[in-house]
Amino acid sequence: MDRAPRNTHAQSCLGRRQRDKPRGGTGFIGTALFQLLRARGHEVTLVSRQRGPGRITWDALAQSGLPSCDAVVNLAGANILNPLRRWNEAFQEEVLSSRLETTKILAKAISEAPQRPQAWVLVTGVAYYRPSQTAEYDEDSPGGDFDFFSKLVAKWEAAARLPGNSTRQVVVRSGVVLGRGGGAIGHMLLPFRLGLGGPIGSGHQFFPWIHIGDLAGIVAYALEADHVQGILNGVAPASTTTNAEFAQALGTALGRPAFIPLPSIVVQAIFGRERAIMLLEGQKVVPRRTLAAGYQYSFPELGAALKEVVA
């Protein structure tokens with residue numbers, strides 16, 4: 001694997017060897033990726049709304065084109081499960097545009113660059129696959145055609161496609177991201193610490209998860225390993241985890257009971273029926289191509305992942 005410094009662009013990240021840059025780079029996942037890339041010797045430039053050291057703005061990107069870089073990563077997108085936002089037409093449009101428009105801008109900039117970057121990585125989600133209690137999905141499984149969220153992922157990935165093959169194109173479909181200071185755990189810790197946590201709905205739904213260190217690791221691996229391309233499922237190998245098993249494991253990590261369920265009707269009242277599906281139904285997703293590509297997980301098992309997160 002080439003570990004020479006690169007420049008990468010992130011918020012999206014733009015990157016190169018001693019020039020790598022992440023996009024969505026100041027958020028929960030972007031911060032973890034930024035730190036990992038810097039630790040590996042990459043120079044990282046963020047694409048954001050505001051100017052600053054190590055940053056370029058979206059307006060500058062649209063007007064002046066892509067700076068010289070070795071790789072581009074897009075992590076941009078409004079938080080779908082923000083409980084403070086009503087699931088109405090305006091928020092749905094924001095969810096769509098925050099993903100599609102940034103991806104189109106970056107794809108266009110890459111296509112028009114005098115010297116294209118070597119790699120273009122987009123992080124989407126396992127909502128591409130239809131929720132099921134029996135089906136098992138790998139990277140070649142069908143999807144993207146049955147509800148708002150699956151169609152969103154399909155449109156998002158389509159917006160990222162580049163003509164030709166001069167730039168390696170990788171899509172990482174992420175599961176629920178577990179990490180300190182944000183993501184799914186951020187909303188769960190207080191009730192679980194108080195002994196009020198438990199499964200969501202029936203608890204029987206699959207819970208495809210990944211530790212933030214591994215999601216950042218998969219993206220970095222995709223940037224650095226020249227043989228990696230196409231779809232990778234960004235989930236832990238422990239694909240049979242159910243929501244109830246996750247709740248029990250989180251309670252154990254905290255030394256607290258975790259048997260008080262959150263009723264489906266409450267979830268629907270908070271998030272709306274359509275959005276609540278993301279919590280009340282799940283998919284069994286396996287990272288077949290991720291493992292075959294040679295990525296080695298730091299947190300393949302749920303118990304160890306949660307112990308690190310809550311330590």
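## A short tour of the model

Start with helix α3 (residues 89-112): E112 and K108 lie four residues apart there, so about one helical turn separates them. Helices here are DSSP runs of H or I with at least four residues, numbered from the N terminus. Now show the two side chains, and you will find E112 and K108 joined in a salt bridge at 3.0 Å, N to O. The term asks for a side-chain nitrogen of Lys or Arg within 4 Å of a carboxyl oxygen of Asp or Glu. Across the whole structure, the search gives eight salt bridges.

A word on the model: it is predicted, with local features needing pLDDT of at least 70, side-chain atom pairs counting only at pLDDT 80 or more, and totals for chains, interfaces and linings using all residues. Residues are numbered from 1 along each chain as its sequence is written, and side-chain values use heavy atoms, leaving out hydrogens and water.

Next, select α5 (residues 183-193) and α7 (residues 243-254). Their axes come within 11 Å and cross at roughly 65°, with axes being lines fitted to C-alpha atoms over the stretch in contact and angles running from 0 to 180 degrees between N-to-C directions. The crossing of α5 and α7 is right-handed, meaning that the near helix is turned clockwise from the far one by less than a right angle.

Which residues meet here? I185, M188, L189, F192 and R193 in α5 meet F246, A247, L250, G251 and L254 in α7, where contact means heavy atoms within 4.5 Å. By class, this contact has eight nonpolar residues, one polar and one charged; Gly counts as polar, and Asp, Glu, Lys and Arg as charged.

Key
Helices (H or I, at least four residues) and strands (E, at least two) are DSSP runs, numbered from the N terminus.
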